[in-house]
Amino acid sequence: MRPLTEEESKAVFTKLANYIGKNLVHLIDRPDETYCFRLHKDRVFYVSESSMRLAISVARPNLISLGTCFGKFSKSGKFKLHITALDHMAQYAKFKVWIKPNGEMPFLYGNHVLKAHLGRITEDTPEHQGVVVYSMNDVPLGFGVTARATIDTRKLDPTSIIVFHQADVGEYLRDEDTLF
C-alpha cells in the first residue's frame, strides 16, 4: 500500500470533483480523524491514518483490503469509480436525481434513467455533470452522468435518457466476484 502519485491523485480528484465538487475538501479534512487515499494492487482506498498505520504490520501479499475502495485504475491509466464509494459520494453530492419507484428496478439492473422515471432533479444541473441517483425515499441507489441540463429535461419526451448509468447498488450482486 503506497500513497498516490501526482498523476494518480489528479485522476482520482478530477473524477470525484465531477460528482461532489468543492465538497472534496470534506473527504480529507474531517473533524473526527485524518483520512487519506492509498493505492494497493491498482485499487484506490480511502482509509483513516490510524488504520493505515496498523496495516503496515501486514505483509503486502496478505493485505486484501483496507478502508473503503473508491475505485480502480485500468491498465490504460484511467480511474473508474466503484459503487463502494457511494456512501461518501451521497453524503457530499452537489447534484442529485430522484427516481420514481417504477424506475428503481430498471436502474438497479444497469439501465439509464429515462424522463418517465424522473421524480426530481437538483435545479441548475448542467449537462454531462456527475449526479447521485436516489429513490424518492432518499436512499442512494447509484450514480451517473446527466445527458441533458435541467432546463432541457422539461421539454423532452418520456423515453429520452436523462442520466447515463455509471454504477448502482445492484452491482453488489451482479459483480460480487470482481469487486474484491
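What share of the 180 residues of the protein count as buried? In this predicted model, the answer is 46%.

**View 1. The whole chain, with its overall dimensions.** Eight helices and 11 strands make up the secondary structure of the protein. The radius of gyration comes out at 17 Å, close to the 16 Å that the globule rule gives for 180 residues, so the protein is as compact as a globular protein of that length. Along its principal axes, the C-alpha trace spans about 55 × 35 × 35 Å. Take the contacts between residues at least 6 apart in sequence: 56% of them join residues at least 24 apart. As for the surface, the protein exposes about 9,900 Å², and carbon and sulfur atoms supply 54% of that.

**View 2. Helix 1 (residues 6-20), end to end and face by face.** Fifteen residues at 1.5 Å each should give a span of 21 Å, and the end C-alpha atoms of helix 1 sit 20 Å apart, which agrees. Which residues of helix 1 are buried? They are E8, S9, V12, L16, Y19 and I20. Looking down the axis of helix 1, these buried residues fall within an arc of 95 degrees, so they line one face of the helix. The background here is simple: an α-helix has 3.6 residues a turn, so residues three or four places apart point the same way. On the face turned away from the buried side, helix 1 carries the exposed residues E6, E7, K10 and T14.

View 3. An unreviewed UniProt entry carries the annotation "domain: PUA" for residues 95-170. Over residues 95-170, the chain is 16% helix and 41% strand.

View 4. Where does L156 sit? L156 is in the loop between helix 6 (150-153) and strand 11 (161-168). Despite the loop setting, L156 counts as buried, because its relative accessibility is 17% and the cut-off for buried is under 20%. Leaving aside residues up to four places away in sequence, L156 touches K115, R148 and I162. Of these contacts, K115 is worth a look in the viewer: L156 and K115 are 41 residues apart in sequence, yet their C-alpha atoms are 7.3 Å apart in space.

Conventions:
Residues are numbered from 1 along each chain as its sequence is written. This is a predicted model: local features need pLDDT of at least 70, side-chain atom pairs count only at pLDDT 80 or more; totals for chains, interfaces and linings use all residues. Side-chain values use heavy atoms; hydrogens and water are left out. UniProt positions are given in the numbering used here, feature names are shortened, and annotations may be inferred rather than shown by experiment. Helices (H or I, at least four residues) and strands (E, at least two) are DSSP runs, numbered from the N terminus. The expected span of a helix is 1.5 Å times one less than its number of residues. Buried means under 20% relative accessible area, exposed over 50%, partly exposed in between (1.4 Å probe, protein chains only). The arc is that of the directions from the helix axis to the C-beta atoms. The radius of gyration is taken over C-alpha atoms; the globule rule is 2.2 Å times the number of residues to the power 0.38. Contact means heavy atoms within 4.5 Å. Accessible areas come from the Shrake-Rupley method with a 1.4 Å probe; for residues, only the protein chains shown count as cover.
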